[in-house]
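Work through the exercises below with the structure in view. Try each task before you read its solution.

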Amino acid sequence: MSSAEINKNEVDIVIGALNADLTQFLTSWKSFFSGFHLIVVKDPELKEELNIPEGFDVDVYSKTDMEKVVGASNATMFSGYSCRYFGYLVSKKKYIVSIDDDCVPAKDPKGFLVDAVTQHVINLENPATPLFFNTLYDPYCEGADFVRGYPFSLRSGVPCAASCGLWLNLADLDAPTQALKTEQRNTAYVDAVMTVPAKAMLPISGINIAFNRELVGPALVPALRIAGEGKVRWETLEDVWCGMCLKHISDHLGYGVKTGLPYVWRNERGDAVESLRKKWEGMKLMEKSVPFFESLKLPETALKVEDCVIELAKAVREQLGSDDPAFTQAADAMVKWIQLWNSVNSSG
Amino acid sequence: MVEPANTVGIPVNHMPQLKDELDIVIPTIRNLDFLEMWRPFLQPYHLIIVQDGDPSKTIAVPEGFDYELYNRNDINRILGPKASCISFKDSACRCFGYMVSKKKYIFTIDDDCFVAKDPSGKAVNALEQHIKNLLCPSSPFFFNTLYDPYREGADFVRGYPFSLREGVSTAVSHGLWLNIPDYDAPTQLVKPKERNTRYVDAVMTIPKGTLFPMCGMNLAFDRELIGPAMYFGLMGDGQPIGRYDDMWAGWCVKVICDHLGLGVKTGLPYIYHSKASNPFVNLKKEYKGIFWQEDIIPFFQSAKLSKEAVTVQQCYMELSKMVKEKLSVIDPYFDKLADAMVTWIEAWDELNPPTKA
């Protein structure tokens with residue numbers, strides 16, 4: 001499937017702007033963003049004016065717009081990396097592709113630039129196979145299929161809720177790891193897309209992600225903020241928490257989550273050692289989150305994504321609330337998010 | 001188009017890891033000329049050849065390989081009445097080799113598997129990669145999006161819980177195949193020309209709770225950790241089914257590994273699979289399996305072993321009871337298979353008595 005075969009009208013590309021000057025970023029993506037509608041959301045805490053080059057079909061949202069749509073008190077939900085969720089909220093499209101503003105197109109082993117947008121949409125349009133592992137990875141791609149021993153009743157797959165891409169150069173490692181291995185860069189181009197099996201947990205990164213907004217939009221929750229959350233990925237966990245919720249809800253509703261291609265090239269930004277100096281709250285929160293999600297069972301009656309989020313928030317409050325105030329705040333944010341989602345998406 | 005590697009001129013590995021701790025098990029009915037191509041990588045290791053079919057035939061083994069060979073007469077002699085659990089006229093008989101081995105690790109490979117080339121054109125030393133996979137921990141409790149975190153150049157990604165980064169012991173390393181992919185008969189019939197040309201440069205742990213189709217063509221495992229669960233079932237002569245031997249072993253192995261906290265990896269290494277078997281013959285063998293697996297899969301997906309099952313043998317015996325209880329209704333074959341599973345464990349324990357400390 002080439003970019004000519006995907007319906008660009010079904011896609012919004014949502015970019016969270018943590019940097020004011022988006023010239024280099026947008027110029028590098030121009031050929032792949034061409035023909036698509038862009039939503040650029042400015043981090044409400046960013047003071048400078050955004051610099052956006054000509055030639056893009058783009059709607060820009062800033063703090064004022066956020067306050068108009070969700071009210072001043074709720075606008076804080078969308079600070080820092082979470083600004084992109086505002087874009088998810090106001091989009092009217094079926095698919096969202098979201099890339100961090102410090103990433104440019106990667107090159108594949110043949111030297112061709114990778115069209116990450118098209119690859120994400122292809123991933124989303126093809127079924128996922130979470131109920132049984134296919135050892136040749138994506139069975140629907142050219143040149144591959146289901147292997148011997150794969151049950152036939154499972155070969156039509158399930159709808160794909162999300163497509164998690166990867167990163168060459170600066171991989172999405174945490175601060176301690178990157179600080180320890182300062183020179184390490186990811187050079188391995190693994191030519192595969194695969195479905196993450198049902199019940200398996202994974203850390204979903206927000207750096208290079210796409211999802212079916214119609215299917216699971218409300219499940220992408222801007223909820224968990226670690227104390228002292230910063231403006232570099234090493235100082236956040238919001239996407240990892242969001243991903244745990246998304247995966248759990250997808251598993252519950254019988255959808256799939258894919259990982260692998262496409263790659264983006266992630267540039268240097270920030271200093272891992274510097275980020276280490278801040279107390280690494282994220283570690284503790286993840287340790288607590290794992291057994292929670294492992295044993296969590298959403299009620300059978302939760303059939304809509306919104307209901308799943310509400311039930312999840314309830315469980316977070318009940319089981320994790322006493323462990324750390326960050327969890328109670330996350331639970332509150334998840335409930336608030338659904339309220340906002342319903343109000344924004346019901347009004348015409 | 002993908003080609004096998006040309007290994008002429010590659011010197012024999014002078015630093016073979018685990019040389020005295022690993023056996024290579026090869027089932028065959030013909031000569032083993034294919035070993036010539038594998039010489040640089042496999043010659044230092046001991047081979048266990050399991051000769052299927054006519055025991056009066058002589059199997060030609062290339063010069064310089066150290067091996068022991070067992071034909072059907074040997075199997076009958078060694079196991080006596082218990083030989084009934086070892087398949088005849090099917091490569092499933094290879095598991096006899098696992099049983100008689102005295103080594104810690106096993107690498108098993110089919111005799112139509114040649115050396116593959118990586119994207120740079122270099123010959124892939126499949127055994128070396130399997131050993132790396134087995135000696136490195138697995139990470140079944142949380143999926144790492146950068147695949148094997150212990151590989152050179154990789155690591156755990158942001159958000160991966162630190163308490164899970166030590167990993168668990170790896171019991172199985174499942175390799176893949178370039179050229180002729182391991183498709184079932186219906187797929188082979190529909191896509192006779194499809195070749196696997198995609199070299200996916202990754203090893204990954206299959207998450208806990210997830211089943212997979214384990215192919216026995218290019219497989220290695222820690223015999224001490226999981227050996228008794230690697231029974232390849234009743235296939236071939238006198239049996240209603242074939243080409244499900246490795247599948248059956250894989251489902252049992254995965255359930256037991258999940259229960260015991262062991263890891264199963266899949267991905268690299270690739271071998272070059274040179275021969276496509278006849279899809280019409282395959283269809284006849286697989287036919288029943290295609291229907292039965294629809295019931296077998298849910299059975300394994302919901303199989304729960306008791307807390308008291310702490311050794312592989314105990315787990316396997318429990319599984320055999322569950323097979324008899326729940327799968328015999330599908331076909332009396334499963335009743336026989338459950339009995340054979342018990343026979344296998346009894347034979348395994350006889351040939352591998354626990355060593356006194």
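Buried means under 20% relative accessible area, exposed means over 50%, and partly exposed lies in between (1.4 Å probe, protein chains only). This is a predicted model: local features need pLDDT of at least 70, side-chain atom pairs count only at pLDDT 80 or more, and totals for chains, interfaces and linings use all residues. Residues are numbered from 1 along each chain as its sequence is written, chains are lettered from A and ligands numbered from 1 in the order in which they are written, and side-chain values use heavy atoms, without hydrogens and water.

**Exercise 1.** Decide whether Val264(B) is buried or exposed, then find what it touches.

Solution. 
- Locate the residue. Val264(B) sits in strand β9 (residues 263-273) of chain B; strands (E, at least two residues) are DSSP runs, as are helices (H or I, at least four), numbered from the N terminus.
- Check the cover. Val264(B) has 1% relative accessibility, so it counts as buried.
- List contacts (heavy atoms within 4.5 Å). Beyond four places in sequence, Val264(B) touches several residues, including Val172(B), Met204(B), Ile206(B) and Phe212(B).
- Compare sequence and space. Val172(B) is 92 residues from Val264(B) in sequence, yet their C-alpha atoms are 4.7 Å apart.

**Exercise 2.** Find which residues have the most contacts inside the largest nonpolar core.

Solution. 
- Define the core. It is a set of buried Ala, Val, Leu, Ile, Met, Phe, Trp, Tyr and Cys residues joined through side-chain atoms within 4.5 Å.
- The largest has 255 residues, and Trp241(A), Ile226(B) and Trp248(B) have the most contacts inside it.
- Look around one of them. Trp248(B) is in contact with Tyr231(B), Phe300(B) and Leu327(B), among others, leaving aside neighbours within four places in sequence.
- In soluble globular proteins, nonpolar side chains tend to be buried together.

**Exercise 3.** Classify two aromatic pairs by the angle between their ring planes.

Solution. 
- Set the rule. Rings of Phe, Tyr and Trp (its six-membered ring) pair if their centres lie within 6.5 Å; planes under 30 degrees apart are stacked, over 60 edge-to-face, and the rest tilted.
- Count. The whole structure holds 36 aromatic pairs over all chains.
- Take Tyr85(A) and Tyr88(A). Their centres are 5.3 Å apart and their planes at 70°, so the pair is edge-to-face.
- Take Phe156(B) and Tyr160(B). Their centres are 4.5 Å apart and their planes at 50°, so the pair is tilted. These two are also buried.
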